[in-house]
Amino acid sequence: MARTKKFLLGKNYILLSVIGLISFIGFFIFNLDSSQRFSQLPEFPVENYLEKNSIIGREDFRLEGKIENILFRSGDGKTFLVSVKPVNSDYLLPVVISLQKKSIQREQILIMKLHTDSSELIKCEDYDSK
Amino acid sequence: MNQPVVISTFENVEIERLRIAEESAKAERDEIDFQKQVASIQKKLAEASASTIVPESLPTDYRSFLSAKAGDIQKSAEYYAELKSVLNDLLPNSPYKARTTSDSSNPLRASEKLAKLSNYPEDGDISRTISGQISSLSGGRVDDQRRQLEINRELQRLTAERKRLEWNLKMSYDVSPLTGKTSSTEDERQFVRQQIEDVKAEVKRCEDEKKSLSHLVTTETRKFQFQQFIIELALQQRYIHSLIACGFYRSSFKGGDLNLNKDAYPSGRPAQGSGSENTPSVQSAGGAPTPLPFISTITGMEAFLQNRIRDSIQERESIDNMLLENQLGAAESLLRKMVLTAKYQPELQTISFQSRQTILQSGRKLRQISDAVNAKDYNEILKLVDSIEANEPLAGMADLKSFAKEHPRKALHWARQAELAMKAGDKKTMSSLMDIAIRRAPLDQEVAQKIQSIQENAQSNNDLLMELKKIVSAGDYRTSFERMNEFVPLAQSANTDSKLKDDYEKLIEREKSLRVAIEKTDSLESKGLMPEAWIELNTLPQAIVDDVRILERKNRISVECPKFIKAYHKATNHERENQSAKALAWYLNALVESPSNNAIIKKINLLGEGILKN
């Protein structure tokens, strides 16, 4: 009886350890994905965008920032105009976000893949929550 | 700084012009009332004193009475004392006779005294005429019928004499067949001619006398003539003379009244037993005797004359009392009545020189008031009224005082209305009101100054118009507004061209909006709402954003909220360049500085919706 109990206890430990290991590996892999998916993109030049009239260009940028306010939502509920406060700037930026699987909300910190259109509107094509 | 802005508008000016037009109509109505009031006062003054009538129309008798010399008055007193004495001698019931004295009359003494009265110049030969009438009445003349017969006989004799002389003259030319010569010489003929002329002259004299006796002068006729004389004296207001004549009449005929003889009433019948002299009667052809009417002329006349004399005595007593009580107006009025109704009464003629002068002076003052009323010299009226009131409280003086005080005020009121009419650009009404003001108080200094000032201002209106044109062409909205009281009436004037008026109105509106913005900005600033104040200042029309008052405030506020200002200006610039995204970005940053700013929120909403729609 005592042997059985010890055996069961040892099995549980193993199971728990495996689950824990799997979880750890999963978490590590996930984190590695969200931080490194847009890591190759250049940082969005906030001040350059705001202060200068020069066109930034059509390439993609990476921006990490907090959603200050959700300003507007399109009729189909898939596009949002939000004000984003970049983590490394005091300015606010208006960003149009096309909603993907992940929902967004105020105060949420996102890492976004951005580009500007012909009217220099900042559009977010992809994002991850931080 | 935050005082309310009181802005007069063009509409207000129009309302003012309508009001002034009403004032003008009111002034014209008031002018008619004023004329009535003046006429009423003049009437009152004329009633108070005859002297207020202009001197030319003042009765000469009254003037000379008031202006008589003291010595003449004294002599008159002596004359009238003698006259009264004559009356007292004649009439036992003379109004001047004391009741205690004897009632007997003495016509002889009266007649002697009457003769003496002729020596006084005041008598004017009245006494002499009375004496003549009395001697004529008392049988001084023969029966005219007898005289007429005598004249006829004389005329027959003269006619025969004339014929004889003419025959002789004719015969004196015949040549004698014996001698061959005429019977008379030329000298003798001349003598005869002269005799004929003398006869002719005598005939003419007799015929003239006969003509003068063409009516029958009977006793009754002489009585009529005397009574007529008595009435004439009464009509001349010589009541005492007339009463004296009555006294002599009564003394000359027993019974005194007029008795008519049968010739006057041929159809009358003699009364039975009426043989008396005073009640005659005539026999008719066949009927009962009818008494002749008894006509009581002298008794009635005497009663009338006595009453007139007693009235005069009472009136004189009243005048003396009034003078004693300083009631000069009333005394003057009664005196004037006496001059009209009892001109030769001793009661009137013996009024002392001092009393006459007192009344005359009072009348003169009233006349001066009347002149001052005519001249509308209100200060003079007040002065004269005060001086009269100091001596004698006259009725109607209060009216005069209020009259003299009221109308300068009214004149000044109309002058002020004229000034307002000038400011409203209504020259016709201005002129009309000025005329009324001048007519109302032509000698008032204050009114004169006001009118002069209006005239000078009206003259300077042309200069003002030039100035207005300059200001409008320079677009000086601040000066336009600040001098609105001067310029608005001018711009409203019908003579001003409509473009100038429109341009001026625009400048006024510009300044008004600027002032309203300043008010609002200052209010926001005082509440600490600097971003809102900044936006207010930056949303003004382009024409006024560079105004020094705006710039001053901008400088002050810009120190207070530089981050907002930067964001706001970036946003507005981008918005102007149709860069909606960047404009939105900057508005978002501006909102961070002014979180509850409605203007910014509105902009964000507008831009955000637009962006999402595209």
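1. In chain B, the residues Asn461(B), Leu464(B), Leu465(B) and Leu468(B) of helix α17(B) meet Glu486(B), Phe487(B), Leu490(B) and Ala491(B) of helix α19(B), where two residues are taken to be in contact if their C-beta atoms, placed from the backbone, lie within 7 Å. Sorted by class, this contact of α17(B) with α19(B) holds 6 nonpolar, 1 polar and 1 charged residues; Ala, Val, Leu, Ile, Met, Phe, Trp, Tyr, Cys and Pro count as nonpolar, Asp, Glu, Lys and Arg as charged, and the others, Gly among them, as polar. The axes of α17 (residues 445-474) and α19 (residues 484-492) of chain B come within 10 Å and cross at roughly 95°, which makes α17(B) roughly perpendicular to α19(B). Here the axes are lines fitted to C-alpha atoms, for helices over the stretch in contact, with angles running from 0 to 180 degrees between N-to-C directions; angles under 35 degrees count as roughly parallel, over 145 as roughly antiparallel, 65 to 115 as roughly perpendicular and the rest as oblique.

2. On provenance, this is a predicted model, in which local features need pLDDT of at least 70 and side-chain atom pairs count only at pLDDT 80 or more, while totals for chains, interfaces and linings use all residues. Residues are numbered from 1 along each chain as its sequence is written, and chains are lettered from A and ligands numbered from 1 in the order in which they are written.

3. Confidence in chain A deserves attention: its mean pLDDT is 80, and 77% of its residues reach 70 or more, pLDDT being the predictor's confidence in each residue, from 0 to 100. Where pLDDT is low, the predicted coordinates should not be read in detail.

4. As to architecture, chain A has 2 helices and 5 strands, running α-α-β-β-β-β-β from the N terminus on, whereas chain B has 26 helices and 2 strands; helices (H or I, at least four residues) and strands (E, at least two) are DSSP runs, numbered from the N terminus. Buried residues make up 22% of the 130 residues in chain A and 31% of the 614 residues in chain B, a residue being buried if 20 or more other C-beta atoms lie within 10 Å of its own, exposed if 12 or fewer, and partly exposed in between, with C-beta atoms placed from the backbone. Among contacts in chain A between residues at least 6 apart in sequence, 41% join residues at least 24 apart; in chain B, residues 24 or more positions apart account for 61% of the contacts with a separation of 6 or more.

5. Where the chains meet, 14 residues of chain B are in contact with 16 residues of chain A. The elements of chain B that give two or more residues to this side are α25 and α26, and the largest share, 8 residues, comes from α25(B). By class, the side of chain B that touches chain A has 8 nonpolar, 4 polar and 2 charged residues.

6. Helix α21 (residues 530-538) of chain B is mostly covered, with 8 of its 9 residues buried, and these buried residues pack against α20 (498-526), α23 (548-560), α24 (562-576), α25 (580-593) and α26 (598-613) of chain B. Which residues of α21(B) are buried? They are Met530(B), Pro531(B), Glu532(B), Ala533(B), Trp534(B), Ile535(B), Glu536(B) and Leu537(B).

7. Glu525(B), placed in helix α20 of chain B, is buried, with 20 other C-beta atoms within 10 Å. Leaving aside its neighbours within four places in sequence, Glu525(B) is in contact with Met530(B), Ala533(B) and Ile557(B), and the C-alpha atoms of Glu525(B) and Arg553(B), 28 residues apart along the chain, are separated by 9.4 Å.

8. Glu120(A), in the loop between β4 (109-116) and β5 (122-129) of chain A, has a positive phi of about 60° although it is not a glycine, and with 16 C-beta neighbours inside 10 Å it counts as partly exposed. Asn578(B), in the loop between α24 and α25 of chain B, likewise has a positive phi, near 60°, in a residue other than glycine, and Asn578(B) counts as exposed, with 8 C-beta neighbours inside 10 Å.
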